[in-house]
Amino acid sequence: PSAERLSSIVNTIDNLIDKHLRMQVDWNVKRLTVSKVPHHAVNRSRYVHCVSCGDPTATRDADRRLLGLTTLVKSIARTSDGFNTMYQAFPGCMIAFRRELQESSSRPNALPRETLRTVRQWARECNVPEEDVDKNIAFMGGMLGELLHYHNVPALRQTVFVNPQWLMDVMKCVVRSEQGKRLDLAHVRGRIPSTLLPSPAEFHAMRENLLQNGIASRELLDLLFQWDAWDDRRRDCRGLFSAQMPYTPEIGDEICACLVHFSIGVKLDFPSGAYLIPSYARKAPPPAAQGAWRASEGFVETKLRCSMRPMCPPGLMDRVVAALIEQPAMQRLRPLRWKTGIQIVLRVGVTLRLVLERGDEGGLQLVVSARPLSAASDSADRERKVEKCWQMVKSLAPLLHRIFSTWCGLTVEKHVSVNFCRAVDGSDELVERVVRDGVGGAGG
């Protein structure tokens, strides 16, 4: 539909809302905006807040953006017109296949996952031509979201998740804000099968290793995926598995492959079979990291600041850590990690640090820094160390670009500098030298 038609629909609906319903809508808006939103923002019912454009509670216009409904309607129409499937007539067999997928996930005792062979058979029964079966499955997943099929992941190639919400619920078993309170053996006593039941000491060690270090053994993950079905505090929860689809090691392998594919976890070489879950980490840098990063006489440092607009994406540091740790060479270096940063001592004699810091304007920046392990002996040595540090920082550019590009509409500005000092006590001796070469966008 055209922008004018959409605008007419919105105006018609708006005129049908009586005074009581309008008051209820305003009340719901106030309930959803828990923080103190300016009155002029709440009472302007003809405006909506663009969540990707800053903080709705901000008082400065630069930090807050309200969009008129007319602008929103035109944006929806303009965006929808850009999809190559818009206004496209679909054959009846494709519509029938989609209906079959929807019904298969809503039937009593429906299975949330099926084999690729079974889903292909459903398509054939809906008269989808043989040469179009795989194309239809890819379309249902990639464009319509009716299913999830990761044909590029070897462990998931033969599995189709016909109920995507089920897979999301399984992922939520691993990452929760109150995981420590949830993992209490007192509430699952007598329900965990003896083949999975660890001793209290073993369970406590696995639990603390997850909460403090983000390392989950495969034994712990097997427990996490099924925990809600055993927890007496969640008697209303029928669990994610059933007699029709019991939990098996093979299903566990598939779920772990999804953890890696979604960058929720990283498989570790050591301990064998364990996974790093970046979302769990200590809040403060460990003492070893703090001591290694203190300024000393003659130190040099290369620094890359990445400022993101309109905002720093949630979970950015988790993505960065996952991308780094999935490299076996990085795992062997045993990096120090905390909630907002990671520090790695490289074999070339350079300490590399990536951390989220507040910028001058209050927003979060990703700062990549590199320092040599030893101070420079003279100016020539200092230049050699600066060059080596800069090469280490620059080597991360492809990795960072790949991460930034996963967020549509994200703009990244880069600022490169070189810092050095000749004396610790003299603050005027701390020098920052801006390097213009290399400053650019996310792909710079």
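The questions below turn to aromatic rings, a helix face and paired strands.

Tutor: A word on conventions: this is a predicted model, in which local features need pLDDT of at least 70 and side-chain atom pairs count only at pLDDT 80 or more, while totals for chains, interfaces and linings use all residues. Residues are numbered from 1 along each chain as its sequence is written, and side-chain values use heavy atoms, with hydrogens and water left out.

Student: How many aromatic pairs does a search of the whole structure find?
Tutor: Rings of Phe, Tyr and Trp (its six-membered ring) pair if their centres lie within 6.5 Å; planes under 30 degrees apart count as stacked, over 60 as edge-to-face and the rest as tilted. Searching the whole structure on that basis gives six.

Student: What is the angle between the planes of phenylalanine 225 and tyrosine 247?
Tutor: These two rings sit 6.2 Å apart, centre to centre, in a tilted pair with planes at 45°. The pair links distant parts of the chain, 22 residues apart: phenylalanine 225 belongs to helix α11 (residues 218–230) and tyrosine 247 to the loop between α11 and α12 (249–261). Helices (H or I, at least four residues) and strands (E, at least two) are DSSP runs, numbered from the N terminus. So the angle you asked for is 45°.

Student: Is tyrosine 247 buried or exposed?
Tutor: Buried means under 20% relative accessible area, exposed over 50%, and partly exposed in between (1.4 Å probe, protein chains only). Tyrosine 247 has a relative accessible area of 15%, so this residue is buried.

Student: Which class does the pair of phenylalanine 241 and tyrosine 247 fall into?
Tutor: Their centres are 5.1 Å apart and their planes make an angle of 80°. By the plane-angle criterion, the pair is edge-to-face.

Student: Within what arc do the buried residues of α17 fall?
Tutor: In helix α17 (residues 397–404), Leu399, Leu400, Ile403 and Phe404 are buried. The arc is that of the directions from the helix axis to the C-beta atoms. The buried residues line one face of the helix, because seen down the axis of α17 they fall within 130°.

Student: Which residue in β12 stands opposite threonine 351?
Tutor: Two strands pair if DSSP finds at least two bridges between them. β11 and β12 run antiparallel and are joined by nine bridges. In β12, the residue opposite threonine 351 is arginine 371.
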